[in-house]
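Open the model in your viewer and keep the sequence panel beside it. This tour goes stop by stop.

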Amino acid sequence: MNSRIEGQVRIGEGSLVLHSHLEGNLQFGKRNLLIELDSALFDPVGSVTALPIRFPDNIVLQQVMLKFLPQKQPIPLHTSLLTVFGVSDNLILTLNDPSATFLNDPWQQFFSRTGIVAEDLWALDALSENKSLMNAKLFPVGLLGGESIFSYIMWLIGVSNRDLVSKWREQWRMSIDQVLKQVNYTEIMGNRRNLTFQIGLEEMSEALVSGNSRYFHAFFSGSFHEGREIKVLEKLDDVASSLDDIIILCRVFSCVADMLGIMAGDAGGIRGGPAANANWIHAFSLLEQG
């Protein structure tokens, strides 16, 4: 839903993708919930997607934009982070509950696999009945040690066999509870609008090239009211320059005229030319006079 999936991305059966832009060689398991993901956060330099990256089944992976960062923190911090947990995890079950899990496995199994201990996640004086997945400080937001946030997430879920526990302990980390209090909803909604617009551009381009008779007036009008009309015209120019089919070219030019007509608003009609424009009256009068 409202997502762009490109390249060799594979989505497992029963998975749901929301408000995400995924590209590269990513292979997601079955019954995953993927929310607000941008592949750029997975690997800022673009090297990790050369080989397949496989995600396990039954996980919830979400990218969260943060509205502010600790002013006194002396290390560089991301403005977003990744959170992950299992589909069957209960966020509020306490650590001493036998059915409590993280990434669908008992806590002790997670501790044994990663080398993390309870004292890394909760305060030393915290009571067992106050320790839960909701307030466990699991998710790095800092950049110490040269590792990406994505590297730590892959290590937490068990995809990476690297020993990152020491570097993970050095990071500024947040719990799900802390993350929920710092969500930058303005940034999230802006990203969603940008993604929706990019999807609209791609759908328009594909429809035109394929000769589809889809009507784009609603998209043109919405783009104009959001101040994106120039990007639409640029995309139409790109499509036109890539074609040699005269019939499709005529359709593209018709779309350009529609977009310009919407931009003109009450100042003129679609394809009306300059005849109804008051600024051209003097020039036309001169032509009429010879």
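What is the mean pLDDT of the protein chain? The mean is 86, and 86% of the residues reach 70 or more; pLDDT is the predictor's confidence in each residue, from 0 to 100. This is a predicted model, so local features need pLDDT of at least 70 and side-chain atom pairs count only at pLDDT 80 or more, while totals for chains, interfaces and linings use all residues. Residues are numbered from 1 along each chain as its sequence is written, and side-chain values use heavy atoms, with hydrogens and water left out.

**Whole chain**

Show the cartoon. The protein chain has 11 helices and 12 strands. These are DSSP runs numbered from the N terminus: helices are H or I with at least four residues, strands are E with at least two. Of the 290 residues, 42% count as buried, meaning under 20% relative accessible area; exposed means over 50%, and partly exposed lies in between (1.4 Å probe, protein chains only).

**Colour by confidence**

Select strand 9 (residues 101–102): confidence is highest there, at a mean of 97. Now select helix 1 (residues 39–42), where confidence is lowest, at 76. Go on to residues 44–49. Here the pLDDT is below 50, and the stretch has 8 contacts in the model beyond near neighbours in sequence. Contact means heavy atoms within 4.5 Å.

**Helix 7 and helix 9**

Select residues 185–210 (helix 7) and 229–241 (helix 9). Their axes come within 10 Å and cross at roughly 30 degrees. Axes are lines fitted to C-alpha atoms, for helices over the stretch in contact, and angles run from 0 to 180 degrees between N-to-C directions.

Show side chains. On helix 7, pick out residues including Phe197, Leu201, Met204 and Leu208; they belong to the set that meets helix 9. Across from them, the helix 9 set includes Val232, Lys235, Leu236 and Val239.

**Helix 4**

Is helix 4 (residues 149–156) mostly covered or mostly uncovered? It is mostly covered, with 8 of its 8 residues buried. Among them are Phe150, Tyr152 and Trp155. Just after helix 4, click glycine 158: its phi is positive, about 90 degrees.

**Serine 88**

Last stop: the loop between strand 8 (80–86) and strand 9, where serine 88 lies. Serine 88 counts as exposed because its relative accessibility is 52%. Leaving aside neighbours within four places in sequence, serine 88 is in contact with Thr101 and Asn104.
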